[in-house]
Amino acid sequence: MTLTDVSVQVESGLIVQDLTVRIPLSRNTTVHAATGVSLNVASGRITGLAGESGCGKSVVASAVMRMLPRHAVVSGNVMVRIHGEAVDVLTGTRAHRGRHVALVPQSPSTHFTPVRTIRSQLDETIATLESPYGIEELAQRVGLPTELLDSYPHELSGGLVQRAAIAAALAGEPAVIVADEPTASLDRRRTDQVLDLLRECADAGAAVLLITHDLGALLRKDVADTLAIMYASRIVEVGPARDVLADPWHEYTSALLAALPERGLKPLPRVTPALTDLPPDVCAYTGAPTTLVTRGDRTLRERSI
Ligand SMILES: Nc1ncnc2c1ncn2[C@@H]1O[C@H](COP(=O)(O)OP(=O)(O)OP(=O)(O)O)[C@@H](O)[C@H]1O
Ligand code: NI
């Protein structure tokens with residue numbers, strides 16, 4: 001089975017098949033923002049998507065959220081399956097946002113407007129999404145003390161605002177939650193709390209795509225079931241998170257792990273190339289022509305010659 005056959009594995013959840021996104025900047029310059037990205041996230045599971053800044057992680061999130069720039073050229077499939085029924089994200093209506101798929105953003109304080117209380121903004125989300133939940137119920141679910149609901153975003157810590165953002169994401173009972181660097185501005189304790197909360201969301205049935213460049217947190221918390229590693233717009237390997245972290249198959253994954261502070265901060269041997277200047281059909285990391293090869297439950301982009 002290859003990665004492109006993933007649809008048969010996911011009864012409920014998110015399926016990304018061969019997603020390619022090109023963003024024209026000028027007549028001669030195009031950003032190769034995502035190339036042949038295939039990923040699946042089953043209901044009840046967390047799939048981590050990790051890689052350095054600028055490799056295309058948020059572009060994948062934007063495709064799933066239907067938030068790509070209008071002039072982006074997109075091919076491939078993004079589907080949300082709910083009990084076997086598929087919603088085509090790329091061609092369907094925008095109504096799916098918040099209901100089928102919800103975003104937990106990187107900077108929740110920019111997600112909420114500063115001039116209104118958390119309560120009024122959550123109330124609005126609940127009304128817009130016709131949420132089955134009341135505000136107190138949602139606040140309790142994410143561990144946001146209800147007496148803080150009348151605060152303005154700037155009056156709360158980053159961790160608490162992130163909980164409010166997760167409450168907003170849960171309001172529409174989404175089948176899929178895309179968390180794009182949800183712990184980027186948080187200290188270790190609050191990072192761990194948010195990761196625990198995402199685990200609870202998955203345990204309650206959501207398919208969670210967790211975008212991060214913090215492999216250290218994934219190692220520490222063991223929160224992802226599956227882990228995909230992305231480099232210069234392409235997935236270079238994917239497999240059970242524990243296996244990928246303990247025994248990386250791609251040299252880029254090994255380099256990322258060696259660069260962690262707890263592993264000696266070894267500088268990455270190559271800088272990330274500009275995505276405007278990518279060679280076709282070769283791995284930007286190794287320079288070799290590559291194919292995706294699947295062995296058991298792991299897939300690797302490996303040299304084809
Ligand atoms: N709207 C856009 N217009 C033009 N280029 C874009 C746009 N959005 C993203 N890009 C480019 O696409 C590439 C991938 O960006 P993306 O934001 O997905 O990276 P990322 O992996 O999420 O990085 P980070 O970890 O810093 O968030 C980058 O080269 C970026 O400059
Ligand atoms: Ni990003």
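**Note on helix packing, ligand shell and overall form**

1. Helix α5 (residues 158-170) packs against helix α6 (residues 188-203) at an angle of about 15 degrees, and their axes are 10 Å apart. This makes α5 roughly parallel to α6, a label given to angles under 35 degrees. Axes are lines fitted to C-alpha atoms, for helices over the stretch in contact, and angles run from 0 to 180 degrees between N-to-C directions. Helices are DSSP runs (H or I, at least four residues) and strands likewise (E, at least two), numbered from the N terminus.

2. The model is a predicted one: local features need pLDDT of at least 70, side-chain atom pairs count only at pLDDT 80 or more, and totals for chains, interfaces and linings use all residues. Residues are numbered from 1 along each chain as its sequence is written, while chains are lettered from A and ligands numbered from 1 in the order in which they are written.

3. α5 passes α6 in a right-handed crossing (the near helix is turned clockwise from the far one by less than a right angle). On the α5 side, the contact is made by Gly158, Gly159, Gln162, Ile166 and Leu170; α6 contributes Arg190, Gln193, Val194, Leu197 and Cys201. Residues are in contact if their C-beta atoms, placed from the backbone, lie within 7 Å. By class, this contact of α5 with α6 has five nonpolar, four polar and one charged residues. Ala, Val, Leu, Ile, Met, Phe, Trp, Tyr, Cys and Pro count as nonpolar, Asp, Glu, Lys and Arg as charged, and the others, Gly among them, as polar.

4. Helix α3 (residues 118-128) also meets α5: their axes come within 9 Å and cross at roughly 20 degrees. The two helices are therefore roughly parallel to each other, and α3 passes α5 in a right-handed crossing. Ile118, Leu122 and Thr125 of α3 make the contact with Ala164, Ala167 and Ala168 of α5. Five of these residues are nonpolar, one is polar and none is charged.

5. Which residues are the closest to ligand 1? They are Ala33, Ser53, Lys57, Ser58 and Val59, among the 14 that surround ligand 1 (C-beta atom, placed from the backbone, within 6 Å). The elements giving two or more residues to this shell are β2 (30-42) and α1 (57-65). The largest share, three residues, comes from α1.

6. The secondary structure of the protein comprises nine helices and 12 strands.

Terms used:
Angles under 35 degrees count as roughly parallel, over 145 as roughly antiparallel, 65 to 115 as roughly perpendicular and the rest as oblique. Two residues are in contact if their C-beta atoms, placed from the backbone, lie within 7 Å.
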